[in-house]
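Me: I am new to this structure. Please take one part and look at it closely.

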Amino acid sequence: MEKITSTSNNKIKDLIKLRDDKKFQTVENLFVIEGLHMVNEAIKRNIVKTIFLEEKMFSKIYDINNFECVLISENVSNKISSTKTSQGIFATCILEDQKINMLENILILDQIQDPGNMGTLIRSAASFEFQTVVASNNSVSFYNPKVLRSTQGNLFSINLINDDLIKTINELKQNNYQIIGTVLNDETKFMKQIEFSKNQKYALIIGNEAKGISHELKPLIDINLNIEMSNEVESLNAAIAGSIIMYNIKK
């Protein structure tokens, strides 16, 4: 088994670039995960290409013999890690070609930039049975290290797609989806005024943290919702608002 002890090793340099660079992820068709729970979840789904790990982690890996493994020293592990305290295990995973599940509700993310928001929204989508998340191409990467930590492994259970949102929404409309937005205008309704139906498919748009939903998407929205809250609070965080709406749609 190969052992790497130098942080200047080319494989380690490529691994760090793969961790941080969205374009490089696309070119290589790979992304990097970190931590025992994430690696074991990826192994179960058969998407792991290579595992990089410290010797102390060998006994903790699920079905390790079926995968290419590279032994790394503690200093290399600390170099790769995106956290202050490394668990000493990483893996490269294959970016699978994923498609929209046209039978379930869908979350649409318009220029979401904050990794914490992206991760929380993915986790909530998985929790509330929104089986596909479609993000604009200029959103933060699904595979950003902070996004991955925020999802707590739930990204493996749903479809994650980057695409042109106008094209996507028009396709959803053709497949009888009702498009939900959060734009405030004269026709916006409080959520308590809306009765969601189990027989209706919904696609919820959550807009950019600072700018909201893009101007070109607004005419495509069927219903805009406003969440009832205290007058002392000006607005909700994008991830919180999205999670509340998804919960209410599921309920």
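Which residue's side chain does a polar contact of 2.9 Å join to the side chain of Ser136?

Reply: Ser139 is the partner: its side chain and that of Ser136 make a polar contact of 2.9 Å. A polar contact is a pair of N or O atoms within 3.5 Å; within protein, one must be able to donate a hydrogen and the other to accept it, and residues adjacent in sequence count only if both atoms are side-chain atoms.

A word on the source. This is a predicted model, where local features need pLDDT of at least 70 and side-chain atom pairs count only at pLDDT 80 or more, while totals for chains, interfaces and linings use all residues. Residues are numbered from 1 along each chain as its sequence is written, and side-chain values use heavy atoms, with hydrogens and water left out.

Now the place. Ser136 sits in the loop between β7 (130-135) and α6 (145-151). Helices (H or I, at least four residues) and strands (E, at least two) are DSSP runs, numbered from the N terminus.

Ser136 counts as buried because its relative accessibility is 6%. Buried means under 20% relative accessible area, exposed over 50%, partly exposed in between (1.4 Å probe, protein chains only).

The side chain of Ser136 has another neighbour. One of its polar atoms lies 2.8 Å from the backbone nitrogen of Gln111. Gln111 is also among the residues that Ser136 touches, leaving aside those up to four places away in sequence. Leu109, Asp110, Asn162, Asp163 and Leu165 are on that list too. Contact here means heavy atoms within 4.5 Å.

For contrast, take another loop. Glu187 lies between β9 (177-181) and β10 (189-190). Glu187 counts as exposed, because its relative accessibility is 67%. Its C-alpha is 9.1 Å from that of Leu225, 38 residues apart in sequence.
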